[in-house]
Amino acid sequence: MTRTPTTPFEGQKPGTSGLRKKTRVFMQPNYLENFVQATFDAVGGVSGKTLVLGGDGRYFGREAAAIIARMAAANGAARLIVGQGGWLSTPAASNLIRQRKADGGIILSASHNPGGPDEDFGVKYNMANGGPAPEAVTAAIHARSQEIDGYLILEGGAPDLETQGTADLGGMAIEVVDPVAAYADLMETLFDFDAIRGLFASGFRMRMDSMNAITGPYAVELLERRLGAPAGTVVHATPLPDFGGMHPDPNPTWAHELMAEMMGPAAPDFGAASDGDGDRNMILGRGVYVSPSDSLAVLAANAHLCPGYAGGLKGVARSMPTSAAVDRVAEARGIECHETPTGWKFFGNLMDAGRVSLCGEESFGTGSDHVREKDGLWAVLMWLNILAVRGQSVAEIMADHWEEYGRNYYSRHDYECLPNDIADLMLSILRGELSGLPGRAEAGLVVAAADEFAYTDPIDGSVSQGQGFRILFEGGSRVVLRLSGTGTEGATLRVYYERYAPGPEGLDRDPQEALSDLIRATEAIVGIEGFTGREDPDVIT
Ligand code: G6P
Ligand code: ZN
C-alpha cells in the first residue's frame, strides 16, 4: 500500500445523484482517486466495513471499478461485493447494500446521460439503507475533496472482476457476484410470476427497450428466462460503453424507436424502456403512451393485485410537479399522500419511517420501499402483474381508471439550453408578480392562487425552500414552472401543465389539445416566448 500525494480539484461537489462530469474529467490522473478518498474519509473511513460496488457499464466503468477496489483494500475495507464485470443497475446496487447489510456502496453511472469518452460519467455514494447519501454527507465529501493531500491505493494491477467468487485483495475479501441474481430473486417475492408466465404463454407480446444500457441482462433474465417471453422480446439488450450512441433516457423523444413500434400497425400488447442505470421507466400500450403520473396512479390503484403489496399500501408520495392523479387513489383508499420537492431523496425519510410504500415522479421514476432508489424494471413487472390479473389491455385499464377517478390531463414542456440570465430574469419577475396573480383572467381561466413551493419534511422537520412556482386556476387546473437541477448546459425550463376532467364526458382527448387554454393562459402570464424567443418547447412528455 502506498499513500499517493495529491492536490484538490475544484468542483468535486456531488449533486443529488452523485458527482457527474465529462468522462475525460474523471480520467485525469488522481481525479477519481481524490473523490473516492474524500468519500471514504467523509463517511468516517471504510476500515473493517463492507461495501458494494457496480455501475451501468458505461465507458471507463471497468477501469474505475478496478481503481476503487484497490483503494477500498488499501483503506482497510473488510469486504467488497462487486457485480461481475463491474455491472450493477442502480436498484440492484441498492438491493445488495440492504440484503447484504453492507455499510454503503458506490455506483458508477451518469444515469440517463449519454456515455463514452466524450460524454458523461458519474460516481455516487449510497448509505447503509441503500439510498443516496443525504446532503450532509455530500457536503462533507465536497469539503474533504477541497483539502485532500493524499490517497491510499494498493499497488499492482487491476483485480479480476470477471470471475465470480471470493478472492483476497491486499487483505480485503473481494467477492464478485452475479449482478442479476439477487435482484431477480427479490422481484420473484413481489410479483405473481405464475400469472405473468401464463400471460406470455397465452400469446401476449411485449417489447422491452433496454437502450444498450444496464437493464439488458436483467430484462433478459427476468422476462425471457424466468417469465417465458419469446427470445428477442428485449432489444438493445447488451450494455455498451457508449450505449451504441443511444441517449438512454426513456421518454417519447429519446426512446423513439420503441415509440414508433408501439404506435405502428404491428405494435405488441405492451412496451417499456428504461434508462442508463435502470432506475427510470416508460410504459406504453398498443397505440397508448402512459404518462408517468398516470402510471403511478394505476400502480397505486392496483397494487393489491401483486403479492408483495397484497396487504395494501402504507401510503403514497409524489413530487410536487407530478400530477395529482395518485392523490385521488390515495383519497379513495384512505391512505396518506405526500407531496415532496423534485428528487428521489425526499422519499427516503418517508419510506424509512414506514409512512409510504409507493412513490413516483413525472420524470419517469417509480418505485417502492423494496429498495431506496427508483426502479425501472420493478415498474415494468408490476404493470405485467396487473395486466395478467386483470386480463385487460393497457388502453382498457387506462379507460377504466379515468372513468373511476377522472383524468388529470398532463404534459411537461421543456425549453433546453436557455441562457441562465434570461431564465433567472423571467422567474424573478414571476416571483415578484405571484401575490398579484389571484383573480387575473387569461384564456378563459381565472387564477385562484400562486406561490413558490416549500416543503417541511414531516420526519426530520428540515425545510426546503424555492422548489418551483405554482399557479393554480379556478376549477383545479394548474401550471408549475421550475428550472431543471440536472442539466449540464445553460438552464432548462420545465413547464408542467395539468387539468382535471372529472368525466364521464371528455376523458379521451389529446392532452395537448385538452391543455391548450392553460398553455395560452401561462404564456399570457409568464411570457415564455417573449423572454426566450422560443416558439415551441424542445421536448414534450
Ligand atoms: C433525477 C432524480 C429524480 C428527479 C430528476 C429531476 O433523475 O433522480 O429524482 O426527479 O432528476 O430532474 P430535473 O432535471 O427536473 O431537476
Ligand atoms: Zn437513472
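Colleague: Is Asn30 buried, exposed or partly exposed?

Modeller: A residue is buried if 20 or more other C-beta atoms, placed from the backbone, lie within 10 Å of its own, exposed if 12 or fewer do, and partly exposed in between. Asn30 has 17 C-beta neighbours inside 10 Å, so Asn30 counts as partly exposed. This is a predicted model, in which local features need pLDDT of at least 70 and side-chain atom pairs count only at pLDDT 80 or more, while totals for chains, interfaces and linings use all residues. Residues are numbered from 1 along each chain as its sequence is written, and chains are lettered from A and ligands numbered from 1 in the order in which they are written.

Colleague: Where is Asn30 found, and what is its phi?

Modeller: Helices (H or I, at least four residues) and strands (E, at least two) are DSSP runs, numbered from the N terminus. Asn30 is in the loop between helix 1 (23–27) and helix 2 (31–42). Its phi is near 75°, a positive value in a residue other than glycine.

Colleague: What is the phi of His236, and is this residue buried or exposed?

Modeller: The phi of His236 is near 50°, again positive in a residue other than glycine. His236 belongs to the loop between strand 11 (234–235) and helix 9 (256–263). With 23 other C-beta atoms within 10 Å, His236 is buried.

Colleague: In what order do the strands of the open sheet stand?

Modeller: Two strands pair if DSSP finds at least two bridges between them. The open sheet has seven strands in the order 2-6-5-3-4-9-8, with mixed pairing. Strand 2 (19–22) and strand 8 (165–169) are at the edges with a single partner strand each, so one side of each has no neighbour in the sheet.

Colleague: How many bridges join strand 4 to strand 9?

Modeller: Five bridges join strand 4 (residues 79–87) to strand 9 (residues 172–177), and the two run parallel. Val82 has Val176 in strand 9 as its bridge partner.

Colleague: Which strands does helix 3 touch?

Modeller: Two residues are in contact if their C-beta atoms, placed from the backbone, lie within 7 Å. Axes are lines fitted to C-alpha atoms, for helices over the stretch in contact, and angles run from 0 to 180 degrees between N-to-C directions. Helix 3 (residues 61–74) packs on the sheet and touches strand 3 (50–55), strand 4, strand 5 (104–108), strand 8 and strand 9. The direction of helix 3 makes about 170° with that of strand 4.

Colleague: Which residues does a cis peptide bond join?

Modeller: Gly503 and Pro504 are joined by a cis peptide bond, with omega about 0°.
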